[in-house]
Amino acid sequence: MGGREKELKIHFTPGHVEVAEENVHVPFRRVLVTGATGLLGRAVYKEFQDNDWYTVGCGYSRARPRFEKCNLLDADAVRAMIQEFQPHVIVHCAAERRPDVVESQTDAAIQLNVSAAGNLAKEAGVSFVIYISTDYVFDGRNPPYDVNDTPNPLNLYGKTKLEGEREVLRNNMGAAVLRVPVLYGDVEKLEESAITVMFDTVQNSTDLISIDHCQQRFPTYVKDVGRVCRQLAESRLQDPSLRGIFHFSGNEQMTKYEMACAIADAFSLPSSHLRPITETPVGSGALRPHNPQLDCSRLENLGIGHRTPFKQGIKECLWPFLHDKRWRQSVFH
């Protein structure tokens, strides 16, 4: 789907200048991705761009030169960006997603997770908004959670994202909310994901390390989430009644300890230095739900959703950070 526009190409040869018109393919469908510099935003941007969508990404501190710079807290800037680009779809990935940071920088998190989301939905006009939310809107005591189940977030992060959902749906009745769990993918640094951050611990096998083996998680590959966003957007173009809350998640249930062992196994590394902690974590930081498993049947009934096996996905995104370069060369070269 797309059109063709004329573009002037100027060719220089000695003593001669030739001007020729060439057809350039311009995708008809337009999508705006907020938070395009982040882990999820980068994957969402790439998925749309690789599938014949005219894709514009925006960010703030890390935006230039690849993406548009836009302060999502500036209502005039948001309005101008949307009016200029006129996207068919807006995928709102920008958020403060670190629970402990939300606890310590609450006002800033509310501004981004709630106020900016509501304003974006209001300014979106006829654009289809997909607001990325979290499984942390649930308390994790009675899984799995259907899209119609009553949320009960345990921490401020979950509360701000739930309030963001409500603001989006209040300001834009045609919007969609996509709740996802803990994410991993092609990180720029290991600290970008709560899963990939464990890789150094796994590789440095000289010290015994204790890792949580109590809270249940469903690690989800950002490439899979990007595909879900695109499929949801394309389904919406065919069916304007598609809106409301959706869930998507990986389907492998793991504790952090089990993830660490799976990472070790994927790279044929030892895991005997990893020790499981089976008691409920006690200490500083935001409370986490025990098992916020999401029921994804609403998307599955639409034929939407692809799940990359965890070991495959984690190998794809972590091998550049492997300390043993001999392993990298033997496996990938």
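The points below cover the cavity, a pocket and selected charged residues.

The structure is a predicted model, in which local features need pLDDT of at least 70 and side-chain atom pairs count only at pLDDT 80 or more, while totals for chains, interfaces and linings use all residues. Residues are numbered from 1 along each chain as its sequence is written, and side-chain values use heavy atoms, with hydrogens and water left out.

**Cavity and pocket**

- A search of the whole structure finds one cavity of 30 Å³ or more, where a cavity is a set of points on a 1 Å grid over the protein atoms alone at which a 1.4 Å probe fits but cannot get out, and a pocket is an open set with protein on both sides within 12 Å along at least five of seven lines.
- The largest cavity holds about 50 Å³, a volume being the space filled by probe spheres set on grid points that are joined across faces, edges and corners.
- Its lining, made of residues with an atom within 4 Å of a point, includes Tyr-184, Asp-224, Glu-252 and Phe-310.
- The second largest pocket holds about 300 Å³, and of the 15 residues that line it, the closest to its centre are Ala-43, Lys-46, Asp-186, Val-222 and Lys-223.
- The lining of this pocket divides into four nonpolar, two polar and nine charged residues, with Ala, Val, Leu, Ile, Met, Phe, Trp, Tyr, Cys and Pro counted as nonpolar, Asp, Glu, Lys and Arg as charged, and the others, Gly among them, as polar.

- Lys-161 is found in helix α5 (residues 156-171), helices being DSSP runs (H or I, at least four residues) numbered from the N terminus.
- Lys-161 is buried (under 20% relative accessible area, with exposed over 50% and partly exposed in between, for a 1.4 Å probe and protein chains only), yet it has no salt bridge, and the nearest side chain of opposite charge, Glu-165, is 7.6 Å away.
- Arg-42, in helix α1, is also buried, at 13% relative accessible area, and its side chain reaches the backbone oxygen of Thr-37 at 2.8 Å.

**Salt bridges**

- The structure holds 18 salt bridges, each a side-chain nitrogen of Lys or Arg within 4 Å of a carboxyl oxygen of Asp or Glu.
- Arg-170 pairs with Glu-167 at 3.0 Å between the closest N and O atoms; Arg-170 is exposed at 57%, whereas Glu-167 is buried at 18%.
- Glu-316 and Lys-223 form a salt bridge at 3.7 Å, and because Glu-316 lies in helix α10 (residues 310-318) and Lys-223 in helix α7, the pair ties together parts 93 residues apart in sequence.

Key:
Helices (H or I, at least four residues) and strands (E, at least two) are DSSP runs, numbered from the N terminus. Lys and Arg count as positive and Asp and Glu as negative; His and the chain ends are not counted. A polar contact is a pair of N or O atoms within 3.5 Å; within protein, one must be able to donate a hydrogen and the other to accept it, and residues adjacent in sequence count only if both atoms are side-chain atoms.
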